[in-house]
Amino acid sequence: MTNRSGDSKLGDSAIPALSSGAVQSVFFNPVDRALFLRVHHLRPFFHPDNWRNPFQGFGNAAAYRTLCSASYLFWQDSTKAAIEEHYSHLKIHPSIVQLAVGLVAGTCNGLFLNQLQIVKYRMWTEGHGTFVSHSTKMLADAGWKIFFRGIGVSIGRDSIFGIVYEVCRMPHVAKEFGSSVQFVFNMVAAVLACIVSSPLNYCRNVIYGAPPQNCPLPVHKLIRFMVKEAVKQPTWRAKFAHINTRCNIGWGSMRVGVGMAVGQYCFRFFQQSLDSV
C-alpha cells in the first residue's frame, strides 16, 4: 500500500471500493438472493423458486447494493491507513493490527448499512416492488424504528466476521507469495469467518425477514430454538443438515469466500490503477 496523507485518503479508498462493489453486485446478486430465499423459506439452495427473477429489483437497487459490497473494503483500507499513519511508531504486531482493522471495519459496516440491508431483505422476501416503494411502505406500517431493527445483531455479526477474516487472511504473510496465494488466503479466511459468524447471520436473516408489524424473537431465543430443533433430528447427518439449512454453512460460506477474495483482488487492482495515473 502506498503511503497516503491529507485529503487523498478518502478517494484512494472510496473509489476503488465502489468500483469493486459494482463488480460484486453484478456477479453475485443472483447467488445472494438465492441464499437468502433458501434460509427464509427453508428449501434447497437450487430450488427453482430461488432463482426466478435473479435480478429482481437490481435496477432500482444497484447503487445501494454497490455501496453494501464496497462498505467493508472502504472501512478496512481506511482503518489500516489510519493505524499506519498514527501508530506505526508503536511497532504493533501485524496480527493485532489486523484484529483492530477487522473490529473497526466490521462494526462500521454493520452500523451504517443496517437501514439499507433491511429494505433489501424485504424486497427479496416479497419479490416485487422498488427500494423506494418498500421504504415508504415500511415507514408507514411500522414507523422509523423499523429501519433500526436488527442493528445489534448486524454489528455483532459483522464485527465477528471482520476480526476472524482479518486475522486469518494474514496479508503480511500472504503478500510474500504473490497475488494467487493472497487470493487463496483471503478466500479461506472469509470462509472461516462466515462459519464462525453464521449463527448471528441466521438470526439477522430471520429478524430482517419478519414482517414490519411483527416483533421478531431475540437472538438468544432464535439460536436456542435452532439448536433444540437440531438435537431432535434422528442422525448426525440430519442434525448438520438442519443447522446448515439455516446457517448456509456450505454454499453460503463458499459464496462469501469467493466474493471477499474477488472483492479484495478488484479493490487492489483499481487502487493500483489509480496510483499509476
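**View 1. Packing of helix α8 against helix α9.** In this predicted model, helix α8 (residues 179–209) packs on helix α9 (residues 219–231) at an angle of about 110 degrees, and the axes of the two helices lie 10 Å apart. That angle makes α8 roughly perpendicular to α9, since values from 65 to 115 degrees are counted in that class. The crossing in which α8 passes α9 is right-handed. On the α8 side the contact is formed by P199, L200, Y202, C203, V206 and I207, which meet V219, L222, I223 and M226 of α9. By residue type, the contact of α8 with α9 comprises 10 nonpolar residues, with no polar and no charged ones.

**View 2. Helix α6 and the residue that follows.** Helix α6 covers residues 151–169, and its 19 residues should span 27 Å at 1.5 Å a residue; the C-alpha atoms at its ends are 26 Å apart, which agrees with that expectation. The buried residues of α6 are V153, S154, R157, D158, S159, F161, G162, V164, Y165, E166 and R169. An α-helix has 3.6 residues a turn, so residues three or four places apart point the same way. After α6 comes M170, which has a positive phi, near 40 degrees.

**View 3. G162 within helix α6.** G162 is found in helix α6 and has a relative accessible area of 0%, so this glycine counts as buried, the cut-off for that class being under 20%. Leaving aside residues up to four places away in sequence, G162 touches Y72 and G102. From G162 to V206, the C-alpha to C-alpha distance is 21 Å, and 44 residues separate the two in sequence; V206 is one of the α8 residues that meet α9.

**View 4. N53 in the loop between α2 and α3.** The loop that holds N53 lies between α2 (48–51) and α3 (58–87). N53 has a relative accessibility of 53% and therefore counts as exposed, because that class begins over 50%. Although N53 and P30 are 23 residues apart in sequence, their C-alpha atoms are 8.4 Å apart in space.

**View 5. Helix α10 and the residue that follows.** Helix α10 (residues 236–247) has 12 residues and reaches 16 Å from its first C-alpha to its last, close to the 16 Å expected at 1.5 Å a residue. Within α10, the buried residues are K239, H242, N244, T245, R246 and C247. N248 follows α10 and has a positive phi, near 55 degrees.

Conventions. Residues numbered from 1 in each chain as written. Predicted model: local features only at pLDDT ≥ 70, side-chain atom pairs only at ≥ 80, totals over all residues. Heavy atoms only, no water. Helix = DSSP H or I, 4+ residues; strand = E, 2+ residues; numbered from the N terminus. Expected span 1.5 Å × (residues − 1). Buried < 20%, exposed > 50% of the residue type's maximum accessible area, 1.4 Å probe, protein only. Axes fitted to C-alpha atoms, helices over the stretch in contact; angles between N-to-C directions. Parallel < 35°, antiparallel > 145°, perpendicular 65-115°, else oblique. Left-handed = near helix turned anticlockwise from the far one by under 90°. Contact = heavy atoms within 4.5 Å. Nonpolar A, V, L, I, M, F, W, Y, C, P; charged D, E, K, R; others polar.
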